[in-house]
Amino acid sequence: MRTTKKIIAASAAIATLVGLAACGDGGGAAKVDTDTANAKGEIVFWGWGNGIKETIEAFEKANPNIKVKYSSTGTAADTATALQNAVAAGKGAPDVIMLEDATVPQFVVDGSVIDLAQFGADKLEDDFAAGPWAKMLQEGKPYALPIDSSPEVFFYNKATFDKAGVDGESIKTWDDYYEAAKKVRALGGDYYITNSIDYQPFLAQAWQAGAQPFKIDGENITINMNDEGLQKYVAFQQKLIDEDLINPKITNWSDDWYRSLGDGTTATLSIGAWMPTDLETGAAAGKGNWRVAQLPQWEEGEEASSEDGGSALAITAQSKNTAAAYKFAEFLTHGDGAKVMAEHGTFPATKKQLEDPDFLSEKSEYFGGQEVNKVLAAAAERKVSKFQYLPYNSFAQSKYGDDVVPAFQGKMTLKDALTKYAKTLASYGSDQGYTVDNQ
Amino acid sequence: MPSQTIPEPPAVSGRTITTSSDASPSTTNNRFATVRVNRHKADWRGWKFMWPFAVVFVFVFIIPIVYAIYISFFKKQMIGGTRFVGLENYSRLLVDQQFWSSVGRVALFTVVQVPIMLCLSAVMALAIDSMKLHGTKFFRISTFLPYAVPAVVSTLIWGFMYGAKYGLVRSFNDLFGTSIDVMAPSVLLVSIGNIVTWEFVGYNMLIFYSSLSTIPHSLYEAASIDGASEWQIVRSIKLPELHGSLAITVIFSIIGSFQLFNEPSIMQSMVPGNAITTYYTPNMYAYNLSFSGNQSNYAAALAIVMAVITMAIAYAVQLRSMREQMK
């Protein structure tokens with residue numbers, strides 16, 4: 001029964017890959033070398049995205065003593081998994097790693113990445129936009145340098161809005177948004193103002209409402225899916241669901257999603273400022289129709305923002321050449337490399353880049369000649385409230401679909417769904433050894 | 001020991017109709033065994049030839065299994081590290097509703113999909129074997145072709161066709177004014193079953209067809225001289241012959257359905273909402289436990305329990321079919 005053996009072997013292989021955990025812990029933590037002025041040698045870098053190769057070329061030109069070996073690790077999730085495996089094995093981690101902001105805490109907790117304040121990274125605070133910088137702090141210390149800023153902004157399809165008789169520029173509050181949603185839905189067919197959303201936008205929108213679902217203090221976690229901010233968010237979303245104003249049949253990042261953005265049947269997006277390049281490539285049919293604006297507010301005149309996604313560079317505890325590693329991380333995020341990255345489509349995190357007049361006055365044809373960067377940069381400079389991600393963010397992300405999305409299909413109320421979700425997250429947290437208080 | 005449950009295809013089919021090629025392996029084995037016994041002395045020369053295989057076998061099959069069993073007795077926590085927990089992972093699995101719901105789902109899938117697929121395969125094999133059709137070679141190749149397409153690719157193709165918004169289903173709905181949605185949660189399992197059937201019907205047809213083609217043509221001639229109708233030939237000669245290969249295809253299909261992973265995992269991002277959960281099938285659950293939940297020890301326990309369940313079912317099916325053969 002060769003096939004039976006195959007299952008066993010395959011399952012065992014999966015288990016083995018990650019399971020090397022049993023073999024080693026920590027290990028390889030070399031002494032941290034902070035002498036960046038004399039840094040030399042070779043460093044290994046894992047990451048993904050555009051413009052990396054060009055940035056490395058620029059770095060090696062400026063620092064001929066340092067050689068960067070780059071491996072493209074695909075996606076944010078794959079990179080985090082790869083690091084997780086290397087940490088479990090006790091060896092094989094790169095010197096510098098690109099991580100999605102929300103997964104950084106996970107690696108701070110288990111000591112896989114090191115505090116960058118020892119290289120003087122804390123002095124860079126004023127050079128970065130507030131939102132991305134705040135996310136890098138764990139107990140007041142920077143553990144990563146932000147590559148991009150990703151304020152939540154509001155994209156809308158002007159062609160659809162015109163058809164529905166909505167003026168996009170006049171949407172200032174979520175109440176305005178609700179009125180617009182009804183008009184868009186009145187177009188009939190598949191026209192909706194938005195589709196049932198994903199984990200990241202959920203957190204970002206709850207964050208903007210002032211919610212703090214997760215509070216982490218060392219080994220103690222407090223989960224509260226029913227605080228004032230979330231109540232506001234839940235009540236609003238439930239109203240949209242009840243009145244059939246959210247399309248429950250389209251998932252973010254699916255083929256259907258991109259097509260509906262292209263033909264305008266999904267009329268708006270509340271998502272991170274990194275979205276323009278995705279729209280241009282994924283929904284090319286919508287060229288000229290899309291516009292970007294600030295996120296609607298809960299109260300008129302407020303300027304609350306939040307962050308959605310974004311990535312950062314961290315240095316691993318296994319690195320044997322931390323000085324060179326930091327030099328590279330600083331170059332890519334804060335130094336001259338940041339400009340190269342911005343030229344290749346990264347929405348920058350440094351104030352210098354965000355205030356660069358050439359960058360701001362760029363007109364986008366896809367957005368009907370709008371100076372998109374100006375809107376995005378203004379969003380990046382808005383204030384954000386305190387917000388923390390769970391130290392097991394990837395688990396939380398994978399379970400969101402199981403527990404919360406049924407509410408968007410009307411199978412249960414959003415409030416019940418979030419209660420269930422909180423329970424799932426709490427029991428996982430306790431199972432992982434945290435002391436969890438689920439309120 | 002999974003190797004002991006290996007069905008011997010030639011022996012099984014050889015029992016109903018004895019052909020010279022089927023009978024020969026077993027006689028050779030017997031002769032060999034007698035020679036060994038008479039010698040009364042251990043002879044290690046054979047191992048010189050065996051060791052390259054044995055080393056690979058130990059590393060590729062034995063060690064991973066032993067290792068998976070080993071790590072399933074541990075638990076790794078973010079706070080507290082790895083520690084020995086004995087059978088805790090197993091006892092937790094026994095009361096894990098998500099796990100049992102996934103087992104139930106694939107069991108239901110197996111009970112419905114496997115018979116349909118095998119019936120289709122058998123009908124197709126009989127049709128090709130009847131030699132009354134034109135273009136059988138083309139038909140044989142084209143029904144087998146889906147098996148050669150990687151499951152990921154065929155799922156993507158089917159996924160695009162299934163799309164009620166932009167896919168072929170949409171065009172169908174527009175044309176006939178219907179509102180069919182094959183990706184709705186209630187019918188999703190059927191849609192996945194359709195993909196799996198499409199993928200494997202040709203493969204099983206080939207197994208059936210090969211056992212049909214071992215029937216000597218003189219039997220048919222004799223039957224027609226005796227005045228047997230085509231239907232009687234099918235019933236009394238062909239179907240009994242198919243019975244032997246049926247055991248193999250059933251076992252392969254059961255194992256395949258219990259391993260269901262590619263199709264639902266690709267379709268997860270194509271179907272609306274959460275119709276495909278992270279614990280849709282046991283394999284998907286193990287995958288998600290390992291890679292997003294960081295619970296590889298628990299996933300190892302799950303893998304072992306699933307292997308035991310699958311082997312038990314396959315073994316039961318085999319015993320049953322052996323008993324029927326004995327009659």
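1. Helices (H or I, at least four residues) and strands (E, at least two) are DSSP runs here, numbered from the N terminus. A:Trp253 lies in the loop between β11 (246–247) and α10 (255–263) of chain A. A:Trp253 is not a glycine, yet its phi is positive, at about 75°. This residue counts as exposed because it has 11 C-beta neighbours inside 10 Å. On the scale used, a residue is buried if 20 or more other C-beta atoms lie within 10 Å of its own, exposed if 12 or fewer, and partly exposed in between, with C-beta atoms placed from the backbone.

2. The model is predicted: local features need pLDDT of at least 70 and side-chain atom pairs count only at pLDDT 80 or more, while totals for chains, interfaces and linings use all residues. Residues are numbered from 1 along each chain as its sequence is written, and chains are lettered from A and ligands numbered from 1 in the order in which they are written.

3. Chain A as a whole. Chain A contains 19 helices and 15 strands. For its 439 residues a compact globule would have a radius of gyration near 22 Å, and chain A agrees, with 22 Å. That radius is taken over C-alpha atoms, and the globule rule is 2.2 Å times the number of residues to the power 0.38. The C-alpha trace of chain A spans about 65 × 60 × 50 Å along its principal axes. Buried residues account for 53% of the 439 in chain A. Of the contacts in chain A with a separation of 6 or more, 75% join residues 24 or more positions apart; two residues are in contact if their C-beta atoms, placed from the backbone, lie within 7 Å.

4. Helix α7 of chain A (residues 174–185). At 1.5 Å a residue, its 12 residues should span 16 Å, and the end C-alpha atoms are 16 Å apart, in agreement. The expected span is 1.5 Å times one less than the number of residues in the helix. Buried in α7(A) are A:Trp174, A:Tyr177, A:Ala180, A:Ala181, A:Val184 and A:Arg185. Why do they lie on the same side of α7(A)? They cover an arc of only 130° around the axis, the arc being that of the directions from the helix axis to the C-beta atoms. An α-helix has 3.6 residues a turn, so residues three or four places apart point the same way. The buried residues of α7(A) pack against α6 (158–164) and α9 (228–242) of chain A.

5. Helix α3 of chain A (residues 76–89). The 14 residues should span 20 Å at 1.5 Å a residue, which agrees with the 20 Å between the end C-alpha atoms. Its buried residues include A:Ala76, A:Thr79, A:Leu83 and A:Val87.

6. A:Ile52 belongs to helix α2 (residues 52–62) of chain A. A:Ile52 is buried, because 22 other C-beta atoms lie within 10 Å. Apart from neighbours within four places in sequence, A:Ile52 is in contact with A:Gly47 and A:Tyr70. A:Ile52 and A:Gly188, 136 residues apart in sequence, are 45 Å apart in space, C-alpha to C-alpha.

7. Chain B as a whole. Chain B has 14 helices and 2 strands. Of its 327 residues, 35% are buried. Among contacts in chain B with a separation of 6 or more, 70% are between residues 24 or more positions apart.

8. A helix pair in chain B. Two packed helices are described by the angle between their axes and the distance between the axes. For α5 (residues 97–129) and α11 (residues 230–258) of chain B, the angle is about 145° and the axes are 10 Å apart. Axes are lines fitted to C-alpha atoms, for helices over the stretch in contact, and angles run from 0 to 180 degrees between N-to-C directions. The contact is made by residues including B:Val106, B:Phe109, B:Met117 and B:Leu126 of α5(B) and B:Val234, B:Leu242, B:Val250 and B:Phe258 of α11(B).

9. 9 of the 10 residues of α13(B) are buried, so α13(B) is largely enclosed by the rest of the structure. Among them are B:Pro282, B:Met284, B:Tyr285 and B:Phe291. B:Asn294 sits in the loop between α13 (282–291) and α14 of chain B. B:Asn294 has a positive phi of about 60° although it is not a glycine. Is B:Asn294 buried or exposed? B:Asn294 is buried, with 25 other C-beta atoms within 10 Å.
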